[in-house]
Amino acid sequence: MRIAAVELSIVRLPLVRAFETSFGAVTAREFVLVAIHDDGAVGWGECVADRDPFYSAESTATAWHVMTQYLVPAVIGRTFAEARDVADQWRRVRGHPMAKAALEMAAWDLQARQASRPLCELLGARPRPIAAGVSIGIQPSIDALLDRVEVERAAGYRRVKLKIKPGWDVAPVEAVRARFGAIPLMVDANAAYTPADATTLAALDPFDLMMIEQPLSYDDLVRHAALQRAIRTPICLDESITGPAAATDALDLGSCRILNIKPGRMGGFGPSLAVHEIARARQVPLWHGGMLESGIGRAHNLHLSTLDRFVLPGDVSASRRYFVPDLIEPPIDVGPDGMIAVPSGPGIGVTPDPGRLREATIQVERF
Ligand code: OSB
Ligand code: MG
């Protein structure tokens with residue numbers, strides 16, 4: 001594979017409805033889309049960094065800066081035997097995993113397309129239906145929340161994740177349990193709590209949640225370990241798991257019992273496969289997270305989710321949950337059984353609709 005030409009676009013897609021987490025509400029997704037060209041084939045990648053540096057330190061602007069000034073210049077015109085080798089050229093660039101991942105994952109898509117194979121096979125797996133979970137943002141009221149859960153369960157989603165923050169935690173969980181009974185239910189705090197909130201977090205224990213995701217600070221494995229000793233609900237870490245070293249440390253320390261993989265957060269498929277191996281060796285349950293991706297990033301996520309340690313439903317949902325229309329045609333759908341089919345065909349199996357992409361593009365740079 002030769003990285004003959006690269007096109008970077010900043011794309012903006014309105015969300016179907018506002019999505020509110022402990023760090024605020026978003027009404028549109030803005031991201032860098034990558035296209036790597038070689039000999040008529042195109043590999044696609046989507047950068048999961050958001051407009052604001054709230055979930056992580058990266059933003060659309062930092063990703064654009066690092067990609068245009070450092071990452072693309074280091075690989076343009078070069079030939080690689082394997083997509084996983086591309087990242088070797090970026091060892092001098094510290095951090096910026098989301099920017100690196102978008103390019104690395106586009107290279108994986110390109111390699112798979114050139115081999116005429118679905119991406120999941122290159123990653124070491126086979127196509128299989130993926131269990132879809134839904135992530136429900138903070139709602140204006142308990143009634144609004146119960147209506148949303150009803151709608152999403154009717155759409156097929158089997159596992160429900162509620163976003164929580166101080167003041168919106170025990171009451172919504174209690175209300176959902178009271179109304180829907182023993183459904184697979186979990187919560188995600190996006191680092192909104194401190195060790196002083198241990199009593200509130202322990203008050204979630206009676207509700208038999210599958211897990212509580214990232215209750216404490218993004219960079220604090222030690223205090224997560226203390227909290228895990230103090231509560232019964234399994235902790236799952238998202239923000240804190242930045243790669244294989246963090247995954248190993250978190251499991252050694254007892255900071256969590258479940259891991260979430262988002263390839264963007266780790267710097268691409270290479271480190272994600274390494275964390276998957278750690279989870280296998282240590283028998284730790286794994287699930288695939290989501291970052292409100294368009295159909296391009298969503299397709300990458302589905303392919304990675306086919307690996308066998310992804311044993312819990314992921315935040316992999318239908319296109320229409322977030323975007324109508326999505327950037328891709330046809331969109332990704334959830335069946336009435338709550339499963340999503342991995343797009344078939346070479347590579348990730350989907351491409352952006354040219355007209356939609358043109359309409360949604362704010363800025364372009366070609367190398
Ligand atoms: O923490 O999992 C998260 C969305 C944006 C940023 C962080 C997170 C989320 C979600 C939505 O929970 C997951 C999805 O894409 O469905
Ligand atoms: Mg999360």
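1. Conventions. The model is predicted, and local features need pLDDT of at least 70, side-chain atom pairs count only at pLDDT 80 or more, and totals for chains, interfaces and linings use all residues. Residues are numbered from 1 along each chain as its sequence is written, chains are lettered from A and ligands numbered from 1 in the order in which they are written, and side-chain values use heavy atoms, with hydrogens and water left out.

2. Residues around ligand 1. The shell around ligand 1 has 15 residues, and those that come nearest are S135, K163, N190, L292 and Y322. A residue is near a molecule if one of its heavy atoms lies within 4 Å of it. By class, the shell holds 5 nonpolar, 3 polar and 7 charged residues. Here Ala, Val, Leu, Ile, Met, Phe, Trp, Tyr, Cys and Pro count as nonpolar, Asp, Glu, Lys and Arg as charged, and the others, Gly among them, as polar.

3. Polar contacts of ligand 1. A polar contact is a pair of N or O atoms within 3.5 Å. In the side chain of K161, an N or O atom is 3.1 Å from an oxygen atom of ligand 1. For D188, a polar side-chain atom lies 3.0 Å from an oxygen atom of the ligand, and for D238 the corresponding value is 3.1 Å. On its own, ligand 1 has 390 Å² of accessible area, and the protein covers 96% of this. Accessible areas come from the Shrake-Rupley method with a 1.4 Å probe.

4. The largest pocket. Ligand 1 sits in the largest pocket, where "sits" requires that more than half of its atoms lie within 2 Å of the grid points. On a 1 Å grid over the protein atoms alone, a pocket is an open set of points with protein on both sides within 12 Å along at least five of seven lines, a cavity is a set where a 1.4 Å probe fits but cannot get out, and lining residues have an atom within 4 Å of a point. The largest pocket holds about 470 Å³ of space. It is lined by 38 residues, and F19, T21, F23, M291 and L292 are the closest to its centre. A volume is the space filled by probe spheres set on the points, which are joined across faces, edges and corners.

5. What lines the pocket. Strand 1 (5-21), strand 2 (24-38), strand 5 (133-136), strand 6 (159-163) and helix 11 (295-305) each supply at least two lining residues. Strand 2 gives the largest share, 4 residues. Helices (H or I, at least four residues) and strands (E, at least two) are DSSP runs, numbered from the N terminus. The lining divides into 15 nonpolar, 9 polar and 14 charged residues.

6. The cavity. A search of the whole structure finds 1 cavity of 30 Å³ or more. About 90 Å³ of space lies in the largest cavity. Its lining has 17 residues, with V48, M105, G264, E293 and N301 nearest the centre. Helix 2 (97-114) contributes the most to this lining, 4 residues.

7. Backbone. Most residues other than glycine have a negative phi, and most peptide bonds are trans. N190 is not a glycine but has a positive phi of about 45 degrees. Cis peptide bonds join V324 to P325, with omega about 0 degrees, and E329 to P330, with omega about -5 degrees.

Terms used. A polar contact is a pair of N or O atoms within 3.5 Å; within protein, one must be able to donate a hydrogen and the other to accept it, and residues adjacent in sequence count only if both atoms are side-chain atoms.
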